[in-house]
Amino acid sequence: MAAHKALLKSLSAIGIGHPKSVHYNLLPEELVEATLNKKQGMLADTGALCVETGKFTGRSPKDRFIVEDEVTRERVDWNNINKPFSRTAYDSLREKVAAYLNEREIYVRDVEACADPEYRTPLRVITEYPWSNLFVHNMFLKLKPEALHEFTPEWTVLNAPGFEADPAIDGTRQPNFSIINFGRKEILVGGSGYTGEIKKGVFSVLNFELPAFRDLLTMHCSANIGQDEDVAVFFGLSGTGKTTLSADPERLLIGDDEHGWGDNGVFNFEGGCYAKTIDLTREKEPEIYDAIRHGAILENIGFFPNTRTVDYTDSSITLNTRVSYPIEHILHIAQPSMGGHPQNIFFLTADAFGVLPPVSRLTPGQAMYHFISGYTAKVAGTEEGVNEPEATFSACFGAPFMPLPPTTYAAMLGERMEKYGVNVWLINTGWSGGAYGTGSRIKLKYTRAMIKAALNGSLEGVRYEQEPVFGLNVPTACPGVPEQLLHPRETWADAAAYDKKAHQLAEAFVKNFVKFEAQASEEMLAASPKAGSFS
């Protein structure tokens, strides 16, 4: 009773003094039941809760803002991603969101981020929908009951999907918004039911505060650990295989998306996984497939007719179908979600041009160049107006979540790579034998074989050849992989067509990197592709 009164008092202090009812840290079963009672979801035959997130089935980067104040003004890298929002406009909009929640049944959950106790960050998330609260339960670190009695949040998230802003009055671009206020340590999310806005809002907070004030490198990556305690880190944008490749039955999963690298090693920020499910099969991704059971949330999926069996090929709502589940749903996990310093780092890219080697070893200069570039490719059909492969660059493999200048994160990564003697590999999980539409996607079994060879040292003793356009060092042999596949030019029926595509991609790299040249070292600049240089 005392704890409940303290909670109500703290809610009143942030403007939510008289909500219709307050549900605090409900069990997953209770949140599932509440969702079903409100007719906001249904159960699949696996027991997983299935919901639709509404108009937004993905993040809306153009509607994400950061309040400009004394904390952020000189530190944030203000650009087309990190857009400023006035403190006055924030205070006004926040008052409206609080008033909106004050008239509703709300769900409150106290959790933490960062598995390393040295960096633990207490969070209070207040949601309008019960299934949004279940997402928070799945994705963050849970507290023991005794810890809840004296819990004091450092950050508060107000999540109100049903509230829409008036852009003409409130200063937003559209009715939906996600706004981070570092001065007040708050995140406002409104007008969108997509749960990833909560997750990435918190990630953005950590990506600002921990590097800027705690000298901790924050990373958009997955990580796992082997039987010999060797840690591997996988950087990559959405769709490159970050979650899939880190879920390895022969290794323990540290986490699938967000990590820190400090003096104690690598640790997970989260307590769960948020995986894509389009075309999911048990054969290709058994760990993820079997994690979809009671407690998991499937977003925007379809069913086979007249069944509750999920059709993972159904993209009628979106290609970005998702599942969230507690990390405990994965059989092979590190407990706690921490490991030592990595021995191997993998940069994953889904090259739809079909020109990058499936595996190559990077020099330190190349590693920094490719980290700042953050390349992958969009393919036809994934977005409106994309009719052929389109190069996409996202600095540090996570620009939408990085408030500081990219060179800040790159410098920290470079220091750690040198200090701990890390091997860095570029892995192309995309196309071979031609671009998207002509070639074929590199088989997952081959990608797994390349990563396994890198991890167990099988690529240490082989001969390497330097690919002429990007200057990449490519192994001439890899256990379990056809030799021809290692050299992309040899997989194309028309070598001249390969050269043209390679030149096209090289030019895209060079053009993208222009904005970083002033801050780049000579070593990084020397790693630039040699556009027009073909054998």
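Reader: Where does Lys39 lie?

Author: In this predicted model, where local features need pLDDT of at least 70, side-chain atom pairs count only at pLDDT 80 or more, and totals for chains, interfaces and linings use all residues, Lys39 lies in the loop between helix 2 and strand 2 (42-43). Residues are numbered from 1 along each chain as its sequence is written, and side-chain values use heavy atoms, with hydrogens and water left out. Helices (H or I, at least four residues) and strands (E, at least two) are DSSP runs numbered from the N terminus.

Reader: Which peptide bond is cis, and what is its omega?

Author: The bond from Gln335 to Pro336 is cis, with omega near -5°. Pro336 is in the loop between strand 20 (322-326) and strand 21 (338-339).

Reader: Why are helix 2 and helix 4 called roughly antiparallel?

Author: The axes of helix 2 (residues 28-37) and helix 4 (residues 130-139) come within 8 Å and cross at roughly 155°. Axes are fitted to C-alpha atoms over the stretch in contact, and angles run from 0 to 180 degrees between N-to-C directions. Roughly antiparallel requires over 145 degrees, so helix 2 and helix 4 qualify.

Reader: What is the hand of this crossing, and which residues of helix 2 and helix 4 make the contact?

Author: Helix 2 passes helix 4 in a left-handed crossing (the near helix is turned anticlockwise from the far one by less than a right angle; clockwise would be right-handed). From helix 2, Pro28, Leu31, Val32, Ala34 and Thr35 take part, and from helix 4, Pro130, Trp131, Asn133, Leu134 and His137, contact meaning heavy atoms within 4.5 Å.

Reader: What makes helix 10 and helix 11 roughly antiparallel?

Author: The axes of helix 10 (residues 364-373) and helix 11 (residues 406-420) come within 10 Å and cross at roughly 150°. Helix 10 and helix 11 are therefore roughly antiparallel, and their crossing is right-handed. Helix 10 contributes Ala367, Met368, Phe371 and Ile372 to the contact, while helix 11 contributes Thr407, Tyr409, Ala410, Ala411, Leu413, Gly414 and Met417. Nine of these residues are nonpolar, two are polar and none is charged.

Reader: Why is helix 10 called roughly perpendicular to helix 14?

Author: The axes of helix 10 and helix 14 (residues 495-513) come within 10 Å and cross at roughly 80°. Roughly perpendicular covers 65 to 115 degrees, so the term applies to helix 10 and helix 14. Tyr369, His370, Ile372 and Ser373 of helix 10 meet Phe509, Val510, Asn512 and Phe513 of helix 14. That contact has five nonpolar, three polar and no charged residues.

Reader: Which residues does UniProt place under "binding site" together with His220?

Author: The unreviewed UniProt entry gives Lys200 and Asp257 along with His220. Although spread over 58 residues of sequence, they cluster in space, with a largest C-alpha distance of 10.3 Å. Lys200 lies in helix 7. Another "binding site" annotation of the unreviewed UniProt entry covers Arg59, Tyr194, Lys200 and Arg322. Tyr194 sits in the loop between strand 10 (186-190) and helix 7 (196-214). UniProt positions are in the numbering used here, feature names are shortened, and annotations may be inferred rather than shown by experiment.

Key: Angles under 35 degrees count as roughly parallel, over 145 as roughly antiparallel, 65 to 115 as roughly perpendicular and the rest as oblique. Ala, Val, Leu, Ile, Met, Phe, Trp, Tyr, Cys and Pro count as nonpolar, Asp, Glu, Lys and Arg as charged, and the others, Gly among them, as polar.
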